[in-house]
Amino acid sequence: MAETATKEVRAQAKWVRMSPRKARLVVEHIRGRSVPEARTVLAFTTRAAARDVEKVLRSAIANAEANHGLVGDDLYVSAAYVDEGPTLKRWRSRARGRAAQIRKHTCHITVKLAPRAVEALSRADAICCEDT
């Protein structure tokens, strides 16, 4: 029973043609949020990385629903991170027969979802009500 409460569902997009630094800016906005809230944040984020992060989030939700029988709206983003992928190296010709290197960065985007513990939510509500 404790096994289902701690079950984490994961989705990963590898070799995304985007700088990891740019993708990390978007991932920071959804870490720790509930799934509906994270979807809303990504829908209104103007950065190009938001589309790729949203695809990974949708994939993680689909994995949770299909493989583990969880409800997508009851989950939250327990972890979201971006790792650096391999860098493609290209050359651009320059003046006087020289060449300059171009680095095309890639990244791996990972999103982990976990169900919110009902007991933890009820305890948090009880603490909030006692203070007021």
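Student: Which residues in α2 are buried?
Tutor: Pro20, Ala23, Val26, Val27 and Ile30. Buried means under 20% relative accessible area, exposed over 50%, partly exposed in between (1.4 Å probe, protein chains only). One caution: this is a predicted model, where local features need pLDDT of at least 70, side-chain atom pairs count only at pLDDT 80 or more, and totals for chains, interfaces and linings use all residues. Residues are numbered from 1 along each chain as its sequence is written, and side-chain values use heavy atoms, without hydrogens and water.
Student: What do the buried residues of α2 pack against?
Tutor: α3 (35-43), α4, β2 (75-84) and β5 (107-115). Contact means heavy atoms within 4.5 Å.
Student: Take α4. At what angle does α2 pack on it?
Tutor: About 55°, with the axes 9 Å apart. α2 spans residues 20-30 and α4 residues 49-68.
Student: Which residues meet there?
Tutor: From α2, Lys22, Ala23, Val26, Val27 and Ile30; from α4, Ala49, Ala50 and Val53. By class, that contact has seven nonpolar, no polar and one charged residues.
Student: New topic. What follows α2?
Tutor: Gly32, with a positive phi near 90°.

How values were computed. Axes fitted to C-alpha atoms, helices over the stretch in contact; angles between N-to-C directions. Helix = DSSP H or I, 4+ residues; strand = E, 2+ residues; numbered from the N terminus. Nonpolar A, V, L, I, M, F, W, Y, C, P; charged D, E, K, R; others polar.
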